[in-house]
Amino acid sequence: MKATLLFLTAFSVLGASAAPRQEASAPAQAQGTAATIAQTPPIKTVPGMPPVPDARNIYSETTPNHMGSAVKDHLERIYVPNLRSKSVSVIDPHTMKVVDTLRVQKSPQHVVPSWDLSTLWVANNAERSNEGSLTPIDPRTGQAGKPVPVDDPYNVYFTPDGASLIVVAEDRRRLDFRDPKTLAMQYSISTPRCGGINHGEFSIDGRFALFTCEFDGTVAKIDLINRVVLGYLKLKMPAVRFAESKAALNPLETEVCTSTKGMPQDIRISPDGKRFFVADMDADGVHVLDGDAFTEVGFISTGLGAHGLYPSRDGKRLYVANRGTHKIHGTKKGPGGVSVIDFATQTVVAQWPVPGGGSPDMGNVSADGKWLWLSGRYDDVVYRFDTVTGAVTKVRVGAEPHGLTVWPQPGRYSLGHTGNMR
């Protein structure tokens with residue numbers, strides 16, 4: 001089937017770099033920012049949550065000049081959990097070499113910075129067994145500590161007030177709220193209609209969170225104040241999606257979307273907090289949701305197997321890791337790459353393919369914003385994308401790398417995952 005105009009527009013810049021950033025002069029920029037903040041009503045956050053300095057940009061405190069004192073003596077490293085190797089590869093980003101391999105427990109999925117930025121937690125979910133654990137890493141030394149037994153920790157988040165560590169117990173369809181230091185259980189929220197609950201994002205004021213339900217094609221809305229599920233939203237599938245076959249070598253080639261439900265993955269909030277973006281592996285793009293109304297208001301086609309989402313350091317763009325397959329277990333050297341979405345226009349402004357094929361998955365942006373680091377899920381490598389040109393450099397790691405984190409990162413606190421900083 002020939003590509004529709006929608007897909008032609010999305011891929012018209014295939015392989016092109018992002019447009020050069022036009023920066024205002026320092027005085028003018030400062031005056032404009034001050035005026036904007038003054039005219040924007042302040043955000044009333046939940047008790048205990050740090051204030052939102054700029055209601056128009058939730059990422060204002062994660063720019064390169066906001067490296068906090070809490071991370072001043074932390075090593076610059078890339079921590080890569082290798083799902084099948086039961087290990088974490090530690091990369092020195094300056095030498096681009098693996099400088100250590102940390103042995104952890106079964107099926108490490110993500111490396112997660114703690115709310116107070118003092119610890120990196122490796123989520124070993126043990127895949128459908130009762131042997132799950134969290135392994136602490138000291139970011140000052142890069143060494144792992146003694147693992148703590150925890151039921152089914154596929155992913156880890158933190159409440160915006162820092163009072164709870166949230167274990168995403170995917171197989172149990174449950175969110176477990178634990179003490180962020182001792183990991184003692186506080187309470188749980190059951191999500192019975194959220195099969196494959198895995199990735200989450202929090203509202204700008206901390207009142208609620210949205211979690212994706214990978215195997216139900218839905219998103220769950222969680223009231224963090226009253227500790228209840230407010231509802232589930234079924235995501236809309238597009239009429240066409242990208243073709244996945246050996247014959248479909250042209251990235252413009254599409255097919256009728258026969259899937260009746262999506263496979264939502266990562267989720268991130270817009271700078272102004274009004275929209276949530278949800279990557280969907282089966283829809284090959286990003287759903288746009290109104291979080292307050294809990295409705296779908298748009299869809300952006302990106303690439304085959306849309307998976308991970310990461311805002312740029314200036315909060316203007318969203319990097320989308322396209323894994324290159326609709327399958328949970330893909331093959332090496334697939335048609336994976338990265339799409340760059342402009343937050344303001346909600347359009348794709350650049351496409352960065354992996355030369356020779358690949359499978360970009362999860363990761364984050366370097367502290368200075370110059371590099372996007374992503375695991376190559378099916379290729380046993382890590383990719384470093386230049387955020388200006390899209391050029392790719394690879395580092396060989398363990399078997400099936402997943403949710404890597406780049407550390408340290410700028411910001412006041414972490415909401416979890418691979419560094420959802422605020």
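Strands are DSSP runs of E with at least two residues, numbered from the N terminus, and two strands pair if DSSP finds at least two bridges between them. The model shown is predicted, so local features need pLDDT of at least 70 and side-chain atom pairs count only at pLDDT 80 or more, whereas totals for chains, interfaces and linings use all residues. Residues are numbered from 1 along each chain as its sequence is written, and side-chain values use heavy atoms, with hydrogens and water left out.

**View 1. The open sheet β19-β20-β21-β22 has antiparallel pairing.** This sheet consists of 4 strands. Its edge strands are β19 (264-269) and β22 (295-301), each of which pairs on one side only. Neighbouring strands of the sheet are turned by 25 degrees against each other on average, direction ignored; the axes are lines fitted to C-alpha atoms, with angles running from 0 to 180 degrees between N-to-C directions. Strand β19 is joined to β20 (residues 275-280) in the antiparallel sense over 4 bridges. Within this pairing, Pro264 stands opposite Asp280 of β20.

**View 2. A second open sheet has the order β23-β24-β25-β26, with antiparallel pairing.** Strands β23 (306-311) and β26 stand at the edges with a single partner strand each, so one side of each lacks a neighbour in the sheet.

**View 3. Strand β25 (residues 337-342) is largely enclosed by the rest of the structure, because 6 of its 6 residues are buried.** Buried denotes under 20% relative accessible area, exposed over 50% and partly exposed in between, with a 1.4 Å probe and protein chains only. Gly337, Ser339 and Ile341 cover one side of β25, and Val338, Val340 and Asp342 the other; all are buried. In a regular strand, side chains alternate between the two faces of the sheet. Strand β24 (residues 317-322) is joined to β25 by 6 bridges, antiparallel, with Asn322 opposite Gly337. A further 6 bridges link β25 to β26 (residues 347-353), also antiparallel, and here Gly337 stands opposite Pro353. The hairpin formed by β25 and β26 has 4 residues between the strands, and Gln346 in the turn has a positive phi of about 55 degrees.

**View 4. Aromatic pairs, of which the structure holds 9, include Phe277 with Phe343.** Rings of Phe, Tyr and Trp (its six-membered ring) pair if their centres lie within 6.5 Å; planes under 30 degrees apart count as stacked, over 60 as edge-to-face and the rest as tilted. Phe277 and Phe343 are edge-to-face, at 5.4 Å centre to centre with 70 degrees between the planes. Phe277 lies in strand β20 and Phe343 in the loop between β25 and β26, 66 residues apart. Both Phe277 and Phe343 are buried.

**View 5. Tyr319 and Trp352 form a tilted aromatic pair.** Their centres are 5.8 Å apart, with 35 degrees between the planes. Tyr319 belongs to β24 and Trp352 to β26, so the pair ties together parts 33 residues apart in sequence. Tyr319 and Trp352 are both buried. Ring pairs link Tyr319, Trp352, Tyr383 and Phe385 into a cluster.
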